[in-house]
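Let's take a friendly walk through a protein chain together. Have a look at the picture below before reading on.

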Amino acid sequence: MAGLATMAVLTGCGDLEALSTSPDTAAKPDSPSVADARKKLAKLAVKGRAPKTGFDRDEFGPAWADVDRNGCDTRNDILKRDLDNETFKRGTHDCIVLTGTLKDPYSGKTIEFKRGQDTSMDVQIDHLIPLSDAWQKGAQQWTATKRKEFANDPLNLLAVDGPLNSQKSDSDAATWLPPRKSYRCTYIARQIDVKAKYDVWVTSAEKNAMVSILDNC
């Protein structure tokens with residue numbers, strides 16, 4: 001767990017706020033990190049949304065593929081990274097997470113995760129940049145390999161409160177932000193990091209919303 005968590009913290013804007021930070025004492029990004037996010041945002045192309053025509057989840061490869069070939073699917077990799085006190089299914093080489101505790105970055109509440117038909121969706125894996133949003137902002141032109149990488153990139157993935165993830169759906173920063181205001185700087189900076197990595201453009205409204213958040217960091 002430590003290795004993957006460290007990677008997440010040090011990759012891109014993941015260093016802005018460690019997920020293990022207490023929900024009530026969330027650290028804001030430091031000035032250099034905010035400045036870096038501003039620079040990356042300034043370089044992103046600004047365009048309108050392309051039509052959603054042709055979008056299908058399968059365009060981004062099989063859900064939760066084992067792209068890093070560590071023997072674990074991406075969903076369990078992220079649960080393993082983001083949960084505390086995990087337990088695993090025996091005989092799976094610590095791949096299948098059975099239980100754990102999530103300090104939800106979006107709401108600040110603590111959620112006890114338990115794998116099961118009626119409980120697994122209490123914790124969901126959010127694409128910070130939703131797949132359908134990316135599809136309308138450049139991903140239609142990508143190769144299948146790049147879309148699969150995007151869908152499974154730990155930088156773009158976060159274990160969060162299930163109902164909040166459903167509420168977010170495919171919204172961008174102009175239409176949805178985490179209700180926990182102390183996390184918004186980190187959320188926006190990490191979205192920018194993902195967009196910069198994959199050359200995903202922003203709409204004018206989205207960019208304005210991002211600038212507004214960064215101005216208050």
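Which residues of H3 are buried? They are Thr74, Arg75, Asn76, Asp77, Ile78, Leu79, Lys80, Arg81 and Asp82. Here, buried means under 20% relative accessible area, exposed means over 50%, and partly exposed is in between (1.4 Å probe, protein chains only). Helices (H or I, at least four residues) and strands (E, at least two) are DSSP runs, numbered from the N terminus. Because 9 of the 9 residues of helix H3 (residues 74–82) are buried, this helix is largely enclosed by the rest of the structure.

A word on the source: this is a predicted model, in which local features need pLDDT of at least 70 and side-chain atom pairs count only at pLDDT 80 or more, while totals for chains, interfaces and linings use all residues. Residues are numbered from 1 along each chain as its sequence is written, and side-chain values use heavy atoms, leaving out hydrogens and water.

Now for the disulfides, pairs of cysteine sulfur atoms within 2.5 Å. A search of the whole structure finds 2 of them. Cys72 and Cys95 form one, with their sulfur atoms 1.8 Å apart. This pair links distant parts of the chain, 23 residues apart: Cys72 is in the loop between helix H2 and H3, and Cys95 in the loop between strands S1 and S2. Both Cys72 and Cys95 are buried.

Another disulfide joins Cys185 to Cys217. Cys185 lies in helix H7 and Cys217 in the segment after helix H8, so the pair ties together parts that are 32 residues apart in sequence. Cys185 is buried, at 6% relative accessible area, whereas Cys217 is partly exposed, at 29%.
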